[in-house]
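Let's work through a few exercises on aromatic rings together. Have the structure open and try each task before reading its solution.

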Amino acid sequence: MKVWDNFVRVYHWSQVILIGSLWYTAEEGLMEWHFTFAYLLMSLLCTRILWGIIGSDTAKFSHFVTSPKKTINYLADMKSGNFSQSVGHNPAGGYMVLCLICLLALQLTTGLFSIDDIISEGPLASLVSYETSRLLTSIHHQVFEILLGLIGLHIATIVFYRVKGINLISPMITGVANLTGKSPRMKNTTIAWAIFVVMLVLFYFLWADDIISYLF
């Protein structure tokens with residue numbers, strides 16, 4: 001059964017690579033590259049949010065963000081030893097994805113207003129006071145620590161499911177899972193990629209018009 005379209009899969013693995021790249025460039029002081037990767041991730045994230053409204057069935061928030069009661073019942077079944085692979089994200093995983101998206105949005109937004117008092121500042125830092133910029137920079141750093149913890153929990157959960165006989169990694173690579181029943185509806189991802197290009201161009205012209213001169 002086809003459970004993930006190609007945009008969701010590319011977004012997922014690009015997110016992994018870009019978060020690692022953002023951490024590395026920040027640690028090494030490569031701020032031009034740091035902002036470049038941030039704009040790319042921001043474009044992907046905004047597209048993912050829109051795709052969560054208009055995209056394929058399994059990409060939609062309405063598909064994987066369920067009621068708290070349903071999630072509690074799902075966790076209770078897990079505690080009882082009843083494990084089954086869901087079509088798309090399971091109820092608990094849906095909230096994990098929602099938390100990751102919200103934290104990434106907060107991380108990227110605060111980064112736009114950040115300042116390091118040395119060589120670089122976010123493209124919107126001049127719009128707020130120095131004190132506000134320092135506060136948002138502090139939040140930017142703290143959110144990353146929370147994000148790392150959530151990523152660790154996400155990885156541990158994937159390993160846990162694998163031990164229980166449920167492979168969540170292969171479907172996110174191939175898009176296909178060994179499931180029966182009604183297949184979810186897949187949207188034409190050309191729409192998603194077109195949105196992504198528009199977002200990337202928009203962010204480039206708004207905030208990153210000097211990126212090329214920095215890099216080359």
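**Exercise 1.** Over the ring of which residue does the charged end of Arg48 sit?

*Solution.* This is a predicted model, where local features need pLDDT of at least 70, side-chain atom pairs count only at pLDDT 80 or more, and totals for chains, interfaces and linings use all residues. Residues are numbered from 1 along each chain as its sequence is written, and side-chain values use heavy atoms, leaving out hydrogens and water. A charge sits over a ring if NZ of Lys or CZ of Arg is within 6 Å of the ring centre and within 35 degrees of the ring normal. For Arg48 the ring is that of Phe61, with 5.9 Å to its centre.

**Exercise 2.** Classify the pair formed by the rings of Phe7 and Trp193.

*Solution.* Start with the rule: rings of Phe, Tyr and Trp (its six-membered ring) pair if their centres lie within 6.5 Å, and planes under 30 degrees apart count as stacked, over 60 as edge-to-face and the rest as tilted. That gives eight aromatic pairs. Next, Phe7 and Trp193 have ring centres 5.0 Å apart and planes at 75°, so they are edge-to-face. Finally, Phe7 lies in helix 1 and Trp193 in helix 8, 186 residues apart; helices here are DSSP runs (H or I, at least four residues), numbered from the N terminus.

**Exercise 3.** Is Phe7 buried or exposed?

*Solution.* Buried means under 20% relative accessible area, exposed over 50%, and partly exposed in between (1.4 Å probe, protein chains only). Phe7 has 0%, so it is buried.

How values were computed. Helix = DSSP H or I, 4+ residues; strand = E, 2+ residues; numbered from the N terminus.
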